[in-house]
Amino acid sequence: MEILYNTIIATICVAILLVYIWRVLNWAWFRPKKLENFFRQRGLKGNPYKLLYGDLNELTKSIVEAKSKPINISDDITQRLIPFFLDSINKNVLITNPEHVKEILTKNYVYQKQTHPNPFAKLLAQGLVLVEEDKWAKHRKIINPAFHIEKLKHMLPAFYLSCSEMISKWEDIVSKETSYELDVWPDLQIMTSEVISRTAFGSSYEEGRIVFELQQEQAEHIMDISRSIYIPGSRFLPTKRNKRMLEIEKQVQTTIRHIIDKRLKAMEAGETSKDDLLGILLESNMKEIEQHGSKDFGLTTTEVIEECKLFYFAGQETTSVLLVWTMILLCLHPEWQVRAREEVLQVFGNEKPNLEGLSRLKIVTMILYETLRLFPPLPVFSRRNKEEVKLGELHLPAGVILIIPAIFIHYDKEIWGKDAKEFKPERFNEGVSKATKGQVSFIPFGWGPRICIGQNFAMMEAKMAIAMILQKFSFELSPSYTHAPFAIITIHPQYGAPLLMCKL
C-alpha cells in the first residue's frame, strides 16, 4: 500500500514537473519559433530567434556604441536614439502606417500596454499608464477632474513661482553687458520638478521634492535592468541594486502616504480640499465612493500613491525635455526666437503671463508642436494584442508586441514632406489636424482614449516657461555644446545644454 501511495505521489510530481518544463519550453522556444515562422511566411524579415536573449546583446551593444559618438546638428537623430530597433520578427511588428496606428490606439481594450517582465520595473509607477480595461476606466474617471482646464488655471501661480525662481537665479549670474555660458538642462529639470511638487502637493511640496529625487534615481536603475534578461526570482537576491531599489520604494511610499494621511484628516475635519492635484484627486475619489456607496468604486490609498508617483515621473520628464529641446532649436533658428519674443512682448510686455494671454501665443504654440514632432518625449511605445486580430492585411495571433515608433512617423517624408527632418513651425500654422492632413501621424502624447491625461498641463507649463525666458533673455548655442540626444525613457541631451545667455 505504501509503495502504491509513493508511486502515485511520484507520478503526480513528475507530471507537474513535465507541465512546468513544457510551459518554459513553450515560452522560451516553441512559441517564439512558431511566431517567427508565421511572420516569415508573410514576408516579414528580421533576425532569427535566439533563445532567451533574442537581440538584447546586440541592442545593448548598439546603444552603448551610439552613446559614445556625438552627432552633427544636421544628422538624423533616429540612428542615435534607436540604433538597433527591436524589429525581430519572432515577437515584434513595426507599425508606421497612420491608419494602423489609429486602429491600435483607438481599440485600447484589444491592444494593451506592454509591461516589462521584470517586476522591479513596476516600482517607478503603476498608475493610470499601466492599468487596463475596467480598472483603467475607473482610474481615468476619478483622475480626469484634476486635469480640467478650469482646475489647471488655479495651478498657474505654481508655474509662475517655479519659473520665477529659475529666472532669478539666471539673472544673478548673467551679466547684461556680455553673454554667459550656462547649462540650462539641470535648471529646467529642477524647475519642472518644483512645479510638480507644488501642483501635486501644495503646501507639502518640500516633502514632494524628496519624492522627485528618489523617483529620478529609480528611473536610472530601471533603465539599466531593462537592458538585461530577467531571471525569475532574481528580484529576491540581496544585491546592492535590489536593496537600493526597495529602499527607494519604501521611502517614496512612506513619504506620499504621510502627505495623504494628513490631507485626509484635514478633509474629515471639515477643511475644504485644496486646488492641487492630490486634493482634487482625493475629492473626486470620495465623491465616487459616496455616489455608489462602496469603496470598490474608488481608489485605495496604495493606488492614490501610485498615481502620485506617476504625476512626478510623467509630468516632470515630459515638460523638462520639451523645454530643453525648444531652447536648443530656438538657438539653431534665431529668426524663430525673435518671432516668438516679439509675440510674447506684444501679448504680455514685461508683465506676468496669464491664462488668457497664454492661449493667444500662436507662434510659441507652433514652435512647441514642432519641437514635440522632432523630439517626441517617448520616441517609441508599444502595445500587445490581447486576442487574435486582423490589422490591415496582416492576421496576428494573440500576444504579438506591436512597436509604434513615434519618431519614425514624425520624420516620415510621405506624411510631412521632403522637409520632414527640418525645423519648420509654420507647418502647424493652421493647427495639428491641417498639418497631419487628418491622419494619426502626430503622437507626442499618444492618441485615442489613452492619450496622455496631462498634455494640457505640460503645454500650459511649457508656454509659461518659454514666455518668461523670452521676456528676460536671448540665447544661442555655446561652442561647447555637443549634440547627443539619447533616450532615458524620454529624450535627454547626453552632455547637457550649455547656452550663451544674454540678459535683455
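These legends describe several close-up views of a predicted model.

**View 1. The largest nonpolar core and its most connected members.** The largest nonpolar core has 123 residues, and within this core Met 327 and Met 501 are the residues that touch the most other members. The element that gives the most to this core is helix α12, which covers residues 301-332 and supplies 16 residues. Apart from this core there is a second, separate one of seven residues, among them Leu 123, Leu 124, Ile 225 and Phe 313.

**View 2. The surroundings of Met 501.** When its neighbours within four places in sequence are left aside, Met 501 is in contact with residues that include Trp 170, Val 174, Tyr 180 and Leu 182, as well as Phe 473, Ser 474 and Phe 475. Met 327 is also one of the contacts of Met 501.

**View 3. The crossing of helices α15 and α19.** Helix α15 (residues 362-374) and helix α19 (residues 455-472) have axes that come within 11 Å and cross at roughly 120°, and this crossing is right-handed. On the side of α15 the contact is made by Val 364, Thr 365, Leu 368, Tyr 369 and Leu 372, while α19 contributes Met 459, Ala 462, Lys 463 and Ile 466.

**View 4. Val 347 and its contacts.** Val 347 lies in helix α13, which runs over residues 334-348. Not counting residues up to four places away in sequence, Val 347 touches Gly 357, Arg 360 and Leu 361. Although Val 347 and Arg 360 are 13 residues apart along the chain, their C-alpha atoms are separated by 7.7 Å.

Notes:
Residues numbered from 1 in each chain as written. Predicted model: local features only at pLDDT ≥ 70, side-chain atom pairs only at ≥ 80, totals over all residues. Heavy atoms only, no water. Core = buried A, V, L, I, M, F, W, Y, C linked by side-chain atoms within 4.5 Å. Buried < 20%, exposed > 50% of the residue type's maximum accessible area, 1.4 Å probe, protein only. Helix = DSSP H or I, 4+ residues; strand = E, 2+ residues; numbered from the N terminus. Contact = heavy atoms within 4.5 Å. Axes fitted to C-alpha atoms, helices over the stretch in contact; angles between N-to-C directions. Left-handed = near helix turned anticlockwise from the far one by under 90°.
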